[in-house]
Amino acid sequence: MRFVEEFRDPDAAKSVLAAIAHVADEIGATREKPVHIMEICGGHTHAIFRYGLDKLVHGGIEFIHGPGCPVCVLPRSRVDECIELAERPEVIFTTFGDAMRVPGTGKSLMQAKADGADIRMVYSPLDALELARRNPDRQVVFFGLGFETTTPSTAFSIQQAAREGLSNFSVFCNHITVPPPIKALLDDPHMVLDGFVGPGHVSMVIGVHPYDFIARDYGKPLVVSGFEPLDLLQSVLMVLCQIRDGRAEIENQYARVVPEHGNPASLAAVADVYEPRPSFEWRGLGEIDASGLRIRDAYAAFDAETKFGVGYGAAAGRLVVEEPEGAACGAVMTGRCKPTDCPQFGKGCTPEMPLGALMVSSEGACAAYYQYGGARAVEVAE
Amino acid sequence: MCLGIPGQIIEITDVDRQMGMADVSGVRREVSLLPVAEGPLEEMVGQWVLIHVGFAMAVIDEDEARLTLEALRGLGEAQETLEQMAEGKKAFEEAR
Ligand code: SF4
């Protein structure tokens with residue numbers, strides 16, 4: 001039983017939509033005075049647009065798109081560092097496909113590949129491990145990217161490399177964590193947020209409790225949600241019911257996949273291999289305390305930063321790279337404006353010629369608007 | 001990259017490395033069972049798991065899935081009742 005079709009049932013969707021409308025009316029939400037619900041995860045943003053949920057729900061509900069797209073929040077200088085690594089003759093640079101078209105200050109990994117760098121797209125860090133086994137005379141570097149969902153996969157891979165004594169495998173670690181930027185957003189006095197739909201696959205790893213502070217300290221509801229349309233609709237309804245009843249709790253809509261305390265084996269591997277960095281730079285959000293991970297000294301042999309002297313830890317006096325002119329990436333990333341509010345949307349910035357990662361990542365909000373909003377979104381921008 | 005895909009474990013391929021073969025909508029891919037392997041690996045065969053960048057990250061819990069679906073269905077029934085109530089009210093108004 002895969003439980004995919006069941007969670008796309010149009011009849012059930014209709015009744016959830018009706019229930020949403022009912023509760024929205026009860027709390028007096030209108031188009032002019034909407035309830036603001038942030039879906040943190042870029043995967044949710046895409047599902048909302050793919051199924052047109054933003055159009056189907058009661059007009060009094062406004063989705064604010066959160067910073068949960070790991071490539072989009074990556075400062076351009078990180079992409080530059082990847083290219084610096086990839087251009088070393090001994091290196092085979094491996095990455096998830098998502099990162100390929102993300103622009104650095106000069107070029108993207110895709111362009112660097114066309115220029116001759118040995119860059120290979122892989123589905124899993126396990127593929128990078130296999131490449132290292134098969135190419136003992138080359139250095140295989142894996143671009144470790146993503147939130148809590150992907151962090152265990154690189155931690156397990158590093159442990160495996162250590163067990164095998166592979167000396168030509170390393171990870172360029174840019175893993176980040178979800179709760180710190182949410183706290184940063186909640187501390188921002190300009191943000192108006194009434195509740196959250198939480199990323200289900202992050203909680204599959206970390207459980208639901210790392211979000212407790214959102215309810216306890218900020219009095220906002222959060223519902224951990226699955227990715228099918230019915231999951232999202234039910235989660236929106238659960239957030240609304242909490243608002244109506246004056247509750248602020250962390251609830252779990254996605255219990256078929258998310259255990260309350262997450263995945264113990266993954267958490268243990270992550271704790272063994274990684275430790276928090278004092279702070280990490282996010283595109284659009286700036287430096288956030290303890291929001292990024294680095295490889296512990298015990299695994300320094302597998303740390304590309306240490307091995308090649310490139311990257312966050314190595315860059316002395318880091319410069320903050322300016323955004324391209326007219327680009328609103330930072331504001332879109334933090335939900336302060338919609339992609340269509342960006343002056344470059346659909347003009348200077350398209351999936352073919354992107355200015356920001358939001359336009360090319362499979363989880364980027366601009367890509368979602370462009371792909372599913374199509375001409376309508378461009379019209380709005382004009 | 002952050003989205004998982006459900007697949008069914010069809011055999012164990014490497015006990016030492018805890019690898020198994022998964023069937024993902026007809027496509028076969030070897031995945032790591034490290035995150036979900038608790039008891040004997042053989043017990044994983046036949047299970048539906050959520051696969052994420054080559055790792056089985058969670059066993060999909062059928063009972064929980066059913067409960068969620070039931071809650072959704074319950075919602076539909078409640079909605080029907082509400083609609084009937086609203087209709088009922090109208091009937092009184094019309095009568096006046
Ligand atoms: S449209 Fe392009 S430039 Fe504007 S916010 Fe989106 S990615 Fe950035």
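Reply: A residue is called buried when its relative accessible area is under 20%, exposed when over 50%, and partly exposed in between, using a 1.4 Å probe and protein chains only. The model is predicted, so local features need pLDDT of at least 70 and side-chain atom pairs count only at pLDDT 80 or more, while totals for chains, interfaces and linings use all residues. Residues are numbered from 1 along each chain as its sequence is written, chains are lettered from A and ligands numbered from 1 in the order in which they are written, and side-chain values use heavy atoms, with hydrogens and water left out.

Rings of Phe, Tyr and Trp (its six-membered ring) form a pair if their centres lie within 6.5 Å; planes under 30 degrees apart count as stacked, over 60 as edge-to-face, and the rest as tilted. Over all chains, this rule gives 9 aromatic pairs. One of them joins F147(A) and W282(A): the ring centres are 6.0 Å apart and the planes stand at 35°, so this pair is tilted. Its two members are 135 residues apart in the chain, with F147(A) in the loop between β5 (139–146) and α7 (151–164) of chain A and W282(A) in strand β11 (residues 279–282) of chain A. Helices (H or I, at least four residues) and strands (E, at least two) are DSSP runs, numbered from the N terminus. F147(A) is buried because its relative accessibility is 4%, and W282(A) is buried as well, at 1%.

Another pair is made by F156(A) and F55(B), whose ring centres lie 5.7 Å apart with planes at 20°, so the pair is stacked. This pair crosses between chains, from helix α7 of chain A, which holds F156(A), to strand β5 of chain B, which holds F55(B). F156(A) has a relative accessibility of 5% and therefore counts as buried; F55(B), at 1%, is buried too.

For the complex, the predictor gives an ipTM of 0.86 and a pTM of 0.88.

Ring pairs also link F93(A), F143(A) and F172(A) into a cluster.
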